[in-house]
Amino acid sequence: MLKKLHLKRTALLTALILVALAAFRKISPHSLPKQNLQFFKVNIEEMYNDDEYQLILRNPVNCPNRFFLTCEESSVNTLLKEFSPVLLEAKKDTTITIKGHGDLKNKIQIKLKLGDPNIPLQTTTVLKSLPFPKGKSYKLLQGNNSGPTHNSNLSRYAFDFTMSTGDTVTSTQNGYVVGVIDGYEGWGHSDKWKPYANQVMIYDTSTHLFTMYGHLKQNSSMVEVGEFVTMGQPIALSGQTGQASEEHLHFNVLQADDSKGGLKSYPLDSIGNYKVNKLKRYQTMSN
């Protein structure tokens, strides 16, 4: 009887230790970053002369972008609604003039969304390459339309691969680099960590689709905004930054839309040599 009781206590203690270890692995040792990093700097110029305010907006990247303008002054905000959102093609600029409302320098807020949802997509449902070098193999940690995180408008058709920190990430397509964030360090399990993942964004001017490579290692980017890259070219190193309870690469194909974030996940029929609807969680995938 005493022996059975001892065995039960040992089993209970072992279970509690395992639960505690699992919980500990999900507790981040890092503090949230104090600064929000951006894909690129929006180029603006403001001038005021003879009761005329001018705002010059410049799109510095190789994809169309939408600029949403607001102002706390209600009369000015009403005027801005006539311009906003301002759609600028790749590498283009425009000037907005407002008369009779005084000097508005530093009073107009600008929010940017990538892409133009009104451009018809050159529909493609096939990516010929996986986001890692030829000859490499990794397991599919999480696939399309699945828990815990691939079930939103932004990530529904994303792929997570079990790549370790320092493994090479490669581009799945030809295109221009339109966004690089690689200054973040650390990770966390909660939603508060979502904005703090290092990532590279590439725009294919033929399909008008974006590819995003996320949770990258700090300071590991091998490309710069404005650079043209080709399929299979190394672009960064995998890591564990942002909302990520373990090391992995988050890969997502995106299209511009009118949602709050401005992008939504785009479905594929096949990626590399694999039919997407046949993929299984933890399946090994080779490039």
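Across the whole of this predicted model, a search finds three salt bridges. As background for the tour, side chains of opposite charge can pair when their charged atoms come close.

Begin by selecting Arg58 and Glu45, which form a salt bridge whose closest N and O atoms are 3.1 Å apart. This pair links distant parts of the chain, since Arg58 lies in strand β2 (residues 52–58) and Glu45 in strand β1 (residues 43–49), 13 residues apart. With a relative accessibility of 31%, Arg58 counts as partly exposed, and Glu45, at 32%, also counts as partly exposed.

Next, select Lys99 together with Glu52, whose side chains meet in a salt bridge with an N to O distance of 3.7 Å. Here the two partners are 47 residues apart, with Lys99 in strand β5 (residues 93–99) and Glu52 in strand β2.

Finally, select Lys107 and Glu73, where the side chains meet in a salt bridge at 3.4 Å, N to O. If you follow the chain around this pair, you will find Lys107 in the loop between β5 and β6 (108–114), and Glu73 in the loop between β3 (65–71) and α2 (74–80), so that the pair links parts of the chain 34 residues apart. Lys107 counts as partly exposed at 37% relative accessibility, and Glu73 is partly exposed with a relative accessible area of 31%.

Methods. Residues numbered from 1 in each chain as written. Predicted model: local features only at pLDDT ≥ 70, side-chain atom pairs only at ≥ 80, totals over all residues. Heavy atoms only, no water. Salt bridge = Lys/Arg side-chain N within 4 Å of Asp/Glu carboxyl O. Helix = DSSP H or I, 4+ residues; strand = E, 2+ residues; numbered from the N terminus. Buried < 20%, exposed > 50% of the residue type's maximum accessible area, 1.4 Å probe, protein only.
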